[in-house]
Amino acid sequence: MEENNNQNDFSNNNTNDNSFKNVGANYSTTYSSFEEKKQKPKKSRSGTGFGKTVLLPFACGILSAGVVVGTCFGIPEIKTNLLGYSASALGENSNSSSNSSVNTEQISLLDYSDTAVGVAQKVLPSIVGINVTYSVNSIFYNGGTASAQGSGVIISDDGYILTNNHVVNSSSSSSYYELGKASKITVSLYNDDTEYEAEIVGTDEQTDLAVIKIDKDGLTAAELGNSDSVQVGEFCMAIGNPLGLGTTVTDGIVSAVNREVTDEDGNTYTAIQTNAAINSGNSGGALVNSQGQVIGINTLKVSGEGVEGVGFAIPINSTTDITDQLIKYNKVKRPYLGIGGIELDEETARANNLTVGIYVKTLEDFSAAEKAGIRVGDVIIKADGQDIETMDELNAIKNAKAIGDKMTLTIWRDGKTEDIEVTLQEQP
């Protein structure tokens with residue numbers, strides 16, 4: 001932001017007033033001398049002559065100066081520059097129709113800067129850089145390696161670190177090569193030149209989250225905030241290890257909340273959108289609020305021609321249960337139906353003499369759905385009484401339940417509807 005440097009545009013008006021007064025005094029002296037040469041003044045006229053020759057011009061000078069100064073004080077901008085403070089400080093009405101849309105007061109950036117500095121100093125010790133070495137198999141040679149960088153957030157003082165699954169468990173491949181799992185992971189701490197070797201505790205591809213651990217105590221765990229209370233427009237800061245440069249901070253605002261985004265692997269997230277710069281290597285780092293509390297894990301950015309400042313973070317509230325399970329079970333336990341389905345819209349359903357819903361194409365052997373009596377060819381149209389048309393809608397209802405809970409599926413079979421109760425199993 002640029003500050004207004006026009007404070008001195010009118011600072012010399014007092015000099016002009018003084019010049020006006022001096023000219024009036026010189027004129028009065030000259031006129032008085034002329035009268036004395038013309039005739040000797042009488043006592044009865046001496047007062048009148050003095051008034052005409054001295055007092056009247058002097059009074060006119062004072063009056064004129066007063067008019068100019070008064071006029072200047074009637075203009076807020078001039079008044080501010082003459083006195084050094086805003087006209088509004090004198091209790092003047094700032095809601096004038098002519099100036100109501102103009103803010104003539106300067107805004108100090110000191111508080112904003114202090115906030116950013118304070119947040120950075122609080123959070124930086126809780127952010128790590130992650131260096132990963134992958135094994136690479138290619139059509140040209142085997143046994144090669146590749147490296148990548150990412151970020152992480154310390155979540156306990158004894159070495160547990162939260163990051164993205166894609167940072168430590170890449171599945172990248174092409175017709176020329178295949179990138180395997182990480183063969184080595186090292187962690188760089190803030191203001192510490194030592195490289196600490198880390199092990200993978202657990203990963204979850206569905207949420208793109210992972211937990212790793214280093215053998216070190218006394219770390220500074222990040223303070224977690226409440227991502228459900230995040231508001232559009234509030235200050236935020238992204239902290240991570242972009243481009244392998246080391247710990248870096250960028251700032252911005254929350255651009256949107258509850259934004260549905262889908263990554264290149266087809267996973268859909270409900271994310272916080274921000275315009276804080278998020279670059280390669282920021283993945284797994286922290287998005288924090290003005291109190292230095294982590295509100296999200298930086299995960300995605302939109303790149304391409306004409307795209308600027310569109311990044312996404314996984315809300316921290318949605319990570320806590322995942323993190324607990326990864327530490328406890330080394331995986332996430334989820335309820336499971338065991339079906340593979342095709343989404344039927346009205347056009348597809350009508351063309352195949354079916355109904356709108358999810359067409360059951362495959363059934364896993366011994367799965368919860370098979371045991372309950374679901375068949376290939378059934379169309380699931382409701383789950384627990386709610387109309388569904390997509391797998392995402394079905395999974396949302398299922399994932400809100402626990403393993404062992406019951407779920408009622410309404411199916412369409414041979415032109416008739418039927419309710420089938422399914423007992424959810426653990427996802428294999």
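## Worked exercises: buried spots and charged pairs

At 13% relative accessibility, Gln273 counts as buried, where buried means under 20% relative accessible area, exposed over 50% and partly exposed in between (1.4 Å probe, protein chains only). The model is predicted, so to speak with care: local features need pLDDT of at least 70, side-chain atom pairs count only at pLDDT 80 or more, and totals for chains, interfaces and linings use all residues. Residues are numbered from 1 along each chain as its sequence is written, and side-chain values use heavy atoms, with hydrogens and water left out.

**Exercise 1.** Find the strand that holds Gln273 and list its contacts.

*Step 1.* Gln273 sits in strand β9, residues 268–274. Strands (E, at least two residues) and helices (H or I, at least four) are DSSP runs, numbered from the N terminus.

*Step 2.* Skip neighbours within four places in sequence; Gln273 then has contacts (heavy atoms within 4.5 Å) with Ile253, Val254, Ser255, Ala256, Arg259, Val310, Gly311 and Phe312.

**Exercise 2.** Which side chain makes a polar contact with the side chain of Ser188?

*Step 1.* Begin with the location: Ser188 belongs to strand β4, residues 177–188.

*Step 2.* Beyond four places in sequence, Ser188 is in contact with Val128, Gly129, Asn131, Thr194 and Glu195.

*Step 3.* The partner is Glu195, at 2.7 Å. A polar contact is a pair of N or O atoms within 3.5 Å; within protein, one must be able to donate a hydrogen and the other to accept it, and residues adjacent in sequence count only if both atoms are side-chain atoms.

**Exercise 3.** Is Arg413 buried or exposed, and which residues share its salt-bridge network?

*Step 1.* Arg413 is buried, with a relative accessible area of 17%.

*Step 2.* Its salt bridge with Glu418 has closest N and O atoms 3.8 Å apart, and Glu418 is partly exposed at 37%.

*Step 3.* The network links Asp378, Arg413 and Glu418.

Technical notes: Salt bridge = Lys/Arg side-chain N within 4 Å of Asp/Glu carboxyl O.
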